[in-house]
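Good morning, and thank you for making time for this item. I shall go through one structure, and I ask that you keep the display in view while I speak.

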Amino acid sequence: MARIFSVVNQKGGVGKTTTSVNLSAALALAGNRTLLIDIDPQCNATGAVGVDPASRHALLGDSPLGESVIQTETPGLSLLPGSRRFQDADVMANSDANATVRLRGHLDSVMDDYDYILIDCPPSAGAMTETALTASTEVMIPIQCEYFAMVGVAQLIGTIKKVIGATNGRLTFGGILLTMYDESLELTREIDEDVRDFFGDIVFENVVPRDVALCEAPSHGQTVFQYAPRSRGAFAYTQLCMEVLQRD
């Protein structure tokens, strides 16, 4: 049965999509059957693996999910593309109990086909993110190593705790990931210490450094492993992948 991660943070620009894309690629390259699901209307995860957005999001339809899944150029990594269709974004932003049931049903139907499913959520703590959390087994929160890193995280934690209660413990904390890490900066070290003191063992030991390769790879429709396999970013996501596998 698959481990289903929702990768969430209501603040944009914290490395959420970068993590969704490159961790899923790392898991696939490690020999795991992996599915990346893009539910962000910006469709950045879809473009980052060289795929065009769908005309209609498969999660909103009744057809079997497998019919809309695309195999990426990374062996073992499949993608359910996002959609920029305004009506789809509106439905997802205002999803209700029926949407939760539909999403949970879609994911349950493919759980035996994959070892890992990663959901790239929109940068909000809104209805669609909550729906994705309800259908997931774990939540991963990337936190940028900058001044406003902790802003809004308390509210997000509140949403996550509500979903944990509503799902009778199906959802657990998969981990908090420090991104855009620059060890030469005192601010980075302070945030690292504060986050670990506050959240404890759920913070991943491995961090993701600032690396131009991570910024450039999506513009080429490639993961960092395709674009710059020897970069610091590729090494960081390989290490994170190993830590995720060890937490299984």
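Let me begin with a definition: a disulfide is a pair of cysteine sulfur atoms within 2.5 Å. The model before you is predicted, so local features need pLDDT of at least 70 and side-chain atom pairs count only at pLDDT 80 or more, while totals for chains, interfaces and linings use all residues. Residues are numbered from 1 along each chain as its sequence is written, and side-chain values use heavy atoms, with hydrogens and water left out.

How many disulfides does a search of the whole structure find? The search returns zero. For Cys43, the closest cysteine sulfur is that of Cys121, at 14 Å, which is too far for a bond. For Cys145, the closest cysteine sulfur belongs to Cys215, and the separation of 14 Å is again too far for a bond.

Cys43 counts as buried at 1% relative accessibility, and Cys145 counts as buried at 4%.

Helices (H or I, at least four residues) and strands (E, at least two) are DSSP runs, numbered from the N terminus. Cys43 sits in the loop between strand S2 (34-38) and H2. Most residues other than glycine have a negative phi. The phi of Cys43, however, is near 60 degrees, a positive value in a residue other than glycine. Met180 also has a positive phi, near 55 degrees, and is placed in the loop between S7 and H7.

On a 1 Å grid over the protein atoms alone, a pocket is an open set of points with protein on both sides within 12 Å along at least five of seven lines, whereas a cavity is a set of points where a 1.4 Å probe fits but cannot get out; lining residues have an atom within 4 Å of a point. Grid points are joined across faces, edges and corners, and a volume is the space filled by probe spheres set on the points.

The largest pocket holds about 530 Å³ of space. Its lining has 29 residues, of which Gly15, Lys16, Thr17, Thr18 and Met180 are the closest to the centre. Two or more lining residues come from each of helix H1 (16-29), helix H2 (44-48) and helix H8 (212-216). H1 gives the most, with five residues.

For the residue classes, Ala, Val, Leu, Ile, Met, Phe, Trp, Tyr, Cys and Pro count as nonpolar, Asp, Glu, Lys and Arg as charged, and the others, Gly among them, as polar. The lining then divides into 13 nonpolar, 11 polar and five charged residues.

I turn now to the aromatic rings. Rings of Phe, Tyr and Trp (its six-membered ring) pair if their centres lie within 6.5 Å; planes under 30 degrees apart count as stacked, over 60 as edge-to-face and the rest as tilted. The count by this rule is two aromatic pairs. Phe5 and Tyr116 are stacked, at 6.5 Å centre to centre with 20 degrees between the planes. Phe5 belongs to strand S1 (residues 3-7) and Tyr116 to strand S5 (residues 116-120), so the pair ties together parts that are 111 residues apart in sequence. Phe5 and Tyr116 are both buried.

The other pair, Phe198 and Phe199, is edge-to-face because the ring centres are 4.8 Å apart and the planes stand at 80 degrees.

Ile4 and Met111 are 107 residues apart along the chain, and 8.5 Å separates their C-alpha atoms.

Finally, two helices. Helix H5 (residues 127-135) has seven of its nine residues buried, so it is largely enclosed by the rest of the structure. Helix H10 (residues 232-246) has 15 residues and reaches 21 Å from its first C-alpha to its last, close to the 21 Å expected at 1.5 Å a residue; the expected span is 1.5 Å times one less than the number of residues. The buried residues of H10 include Gly233, Tyr237 and Leu240.

Note on methods. Buried < 20%, exposed > 50% of the residue type's maximum accessible area, 1.4 Å probe, protein only.
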